[in-house]
Amino acid sequence: MSSQGIAATSLLRRDETITVALLLAFAGGCLDAYTWIVHGVMANAQTANLVFLWVYGMAGDWARALHFVPPIMAFAVGIVIAAWLRRAAGERASAISTLVEILLLVGVGILHNRMPEIAGTLGISLVAAMQAAVFTKVEGATYSTVMITGNMRQAIEGIFAVASGAAAVGTVRRSGVFTAVCGAFGLGAALGALLTEVVPDLALGLPVVALLIVLLRCEVVRSEVSS
C-alpha cells in the first residue's frame, strides 16, 4: 500500500471502511437468518422481538411471549459490554470486540447441541449487540451493521437528492455505500438461511469467516500505519 493510501486509511479509521462495513452487514444478515430459522427469534432486530413479546402478551400467551425476553436482555448486556470496551480499549475496541464475537460464535457452535436455547439466543444476541455498538460508522456516516432500516432510509434519501438536483458533494457515493450495505445484509441472510437449512451445524461458519477477515483487515492496517 502506498504512503498516501495508508494515510487516507488511517484518517478514515480502519473500522469505518466500506469493506469492513460490507463484511459486518453480511455477518449480521447470517446471524438473523440463523436465529430466526433455528430459534424463532431475531438476534439483531430487537424491535421485532419486542413487538412479538407484547403481541403474544396481550393475547394472553405469556409462555410464547416470554420466549422473546432472553434475546432482548442479552442484547442489553452486549451493549453495556461494548460501551465499557470502548472506554477501556479506545481505538483497539473494534479489533477486541471482533475477536470476542468470533470466540462467542465458536462457543455457540460447540455448545449448541447441548444447550440450544441458551447458546443460540443469548450468545448470538450478545454478539449482535457488541457489533452494533462498536461499529457505528462507515466512511464517517452513521449506519448499522445489524439492521437495514436506517441504512435504507439514507440510501433512498440520497437517491432522491440526486434525482431532484439537490445533492451535496459525495451524496452519490454515500447513497451507493448504504445501498451496498443493505445488499450485503440481504446476501448474508440468504446464504445464512440456505446453509442453516442444509447444514445447520456449519451455518455459523459464514459469519465467523466474515468476522475473521474484519479482524485481519483492522490489524493489518494498524501494523502498516505503525510501520
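Of the 227 residues of the protein, 42% count as buried. The model is a predicted one. Its secondary structure comprises 10 helices and two strands, and from the N terminus on the elements follow the order α-α-α-α-α-α-α-β-β-α-α-α. Among the contacts with a separation of 6 or more, 73% are accounted for by residues 24 or more positions apart.

**Confidence**

The protein has a mean pLDDT of 85, with 88% of its residues at 70 or more.

| Helix | Residues | Mean pLDDT |
|---|---|---|
| α1 (lowest) | 3-12 | 43 |
| α9 (highest) | 171-198 | 94 |

Over residues 1-10 the pLDDT is below 50, and this stretch has eight contacts in the model beyond near neighbours in sequence. Residues 223-227 also have a pLDDT below 50; that stretch has four contacts beyond near neighbours in sequence. Where pLDDT is low, predicted coordinates should not be read in detail.

**Packing of α5 and α6**

How do the axes of α5 and α6 cross, and within what distance do they come? The axes of helix α5 (residues 69-89) and helix α6 (residues 93-111) come within 9 Å and cross at roughly 135°. This angle makes α5 oblique to α6. The crossing in which α5 passes α6 is right-handed. On the α5 side, Leu 85, Arg 86 and Ala 89 take part, meeting Ala 93, Ile 96 and Ser 97 of α6. The residues of this contact divide into four nonpolar, one polar and one charged.

Methods. Residues numbered from 1 in each chain as written. Predicted model: local features only at pLDDT ≥ 70, side-chain atom pairs only at ≥ 80, totals over all residues. Heavy atoms only, no water. Axes fitted to C-alpha atoms, helices over the stretch in contact; angles between N-to-C directions. Helix = DSSP H or I, 4+ residues; strand = E, 2+ residues; numbered from the N terminus. Parallel < 35°, antiparallel > 145°, perpendicular 65-115°, else oblique. Left-handed = near helix turned anticlockwise from the far one by under 90°. Contact = heavy atoms within 4.5 Å. Nonpolar A, V, L, I, M, F, W, Y, C, P; charged D, E, K, R; others polar. pLDDT = per-residue confidence, 0-100. Buried < 20%, exposed > 50% of the residue type's maximum accessible area, 1.4 Å probe, protein only.
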